Amino acid sequence: MAKEEKKPFRESMAEWRRFIYNPNSGEFLGRTAKSWGLILLFYLVFYGFLAALFTFTMWVMLQTLSSDIPKYRDRISSPGLMISPKPATALEFYLEKNNSKSYESYVSALHKFLGAYNESEQSKSVLCTPGQFFDQEGDVKKACHFNRSSLGPCSGLEDVTFGYANGTPCVVIKMNRIIGLKPQGNPYIECNPKEENKAQIAYFPSGGRIDLMYYPYYGKRLHPGYLQPLVAVQLKLNTTSTKDDVTVDCKIMGSKNLRNEDDRDKFLGRVSFKFQISE
């Protein structure tokens with residue numbers, strides 16, 4: 001079989017030049033100007049149609065959504081609980097009564113958290129009727145006033161260390177926000193040490209009560225300035241030991257639609273924390 005003859009370099013370059021632009025037929029890269037124009041027009045119309053279809057689909061979907069309230073809220077039917085201050089490790093507090101640096105971060109976090117509840121920060125809030133839901137109409141909702149002094153010795157107004165300096169620390173508890181939630185009954189927070197009679201627990205406001213006047217919540221955009229009601233608990237260990245610890249379990253009680261037990265979510269409606277206190 002005869003070996004295929006290799007084309008001279010000059011001839012190959014001439015063919016490439018004719019492919020890029022053929023002066024005889026006026027073709028550029030194998031297509032005439034008309035052919036290029038038709039194919040570009042086709043892709044312009046095709047992708048323009050796809051962009052228009054996508055834009056229309058997104059517009060139709062957005063018409064079904066509200067910028068104020070999530071469309072689907074059935075997966076979060078009952079709120080969880082949060083505490084302040086929040087330790088860096090697994091909700092475990094470590095403090096020495098005679099060492100202010102051991103609880104300095106806790107005290108600082110509480111002052112920062114409760115700063116939003118100062119009178120100066122609640123200038124636009126209103127006095128509401130206790131024990132009644134504050135249903136509102138209109139585009140902008142008003143927030144009910146929360147009196148920080150109702151937290152007693154845990155308010156930071158009477159004792160700037162929130163009891164940490166005396167070994168009787170305070171923890172502030174709040175429920176997470178859920179739009180449209182209306183608690184049934186008379187909800188309150190109940191806390192118990194896991195070891196019976198290990199500690200005495202005082203509640204502020206009295207009985208750990210959560211007033212209904214702070215509900216419903218209408219969402220961040222419609223309800224600017226809204227503040228969740230707070231419950232503070234103060235612990236006092238029933239021991240004379242120089243070093244002891246106690247684990248406390250707190251949960252929502254007194255309301256049928258506020259759950260505190262769930263096999264899939266152990267933090268639903270409850271929170272646990274531990275204090276290790278030494279001299």
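The structure is a predicted model, in which local features need pLDDT of at least 70 and side-chain atom pairs count only at pLDDT 80 or more, whereas totals for chains, interfaces and linings use all residues. Residues are numbered from 1 along each chain as its sequence is written, and side-chain values use heavy atoms, with hydrogens and water left out. With the bonded cysteines of the chain numbered in sequence order, the pairing reads 1-2, 3-4, 5-6.

Cys128 is joined to Cys144 by a disulfide with an S to S distance of 2.0 Å. The torsion about this S-S bond is about -100 degrees, so the disulfide of Cys128 and Cys144 is left-handed. Cys128 and Cys144 are both placed in the loop between helix 3 (104-114) and strand 5 (170-175), and the pair, 16 residues apart, links distant parts of the chain. Helices (H or I, at least four residues) and strands (E, at least two) are DSSP runs, numbered from the N terminus. Cys128 has a relative accessibility of 17% and counts as buried; Cys144 is likewise buried, at a relative accessible area of 7%. Here buried means under 20% relative accessible area, exposed over 50%, and partly exposed in between (1.4 Å probe, protein chains only).

A disulfide is also formed by Cys154 and Cys170, with the sulfur atoms 2.0 Å apart. For this bond the S-S torsion is about -70 degrees, so the link of Cys154 and Cys170 is left-handed. Cys154 lies in the loop between helix 3 and strand 5, and Cys170 in strand 5, so the pair ties together parts that are 16 residues apart in sequence. Both Cys154 and Cys170 are buried.

In the disulfide of Cys191 and Cys250, the sulfur atoms are 2.0 Å apart. The value about the S-S bond is 115 degrees, and the link of Cys191 and Cys250 is right-handed. Cys191 belongs to strand 6 (residues 188-193) and Cys250 to strand 9 (residues 243-253), so parts that are 59 residues apart in sequence are tied together by the pair. Cys191 is buried, as is Cys250.

Arg264 is located in the loop between strand 9 and strand 10 (270-278). Its relative accessible area is 78%, so Arg264 is exposed. A separation of 34 Å is found between the C-alpha atoms of Arg264 and Ser108, which are 156 residues apart along the chain.

Notes
Disulfide = S-S within 2.5 Å.
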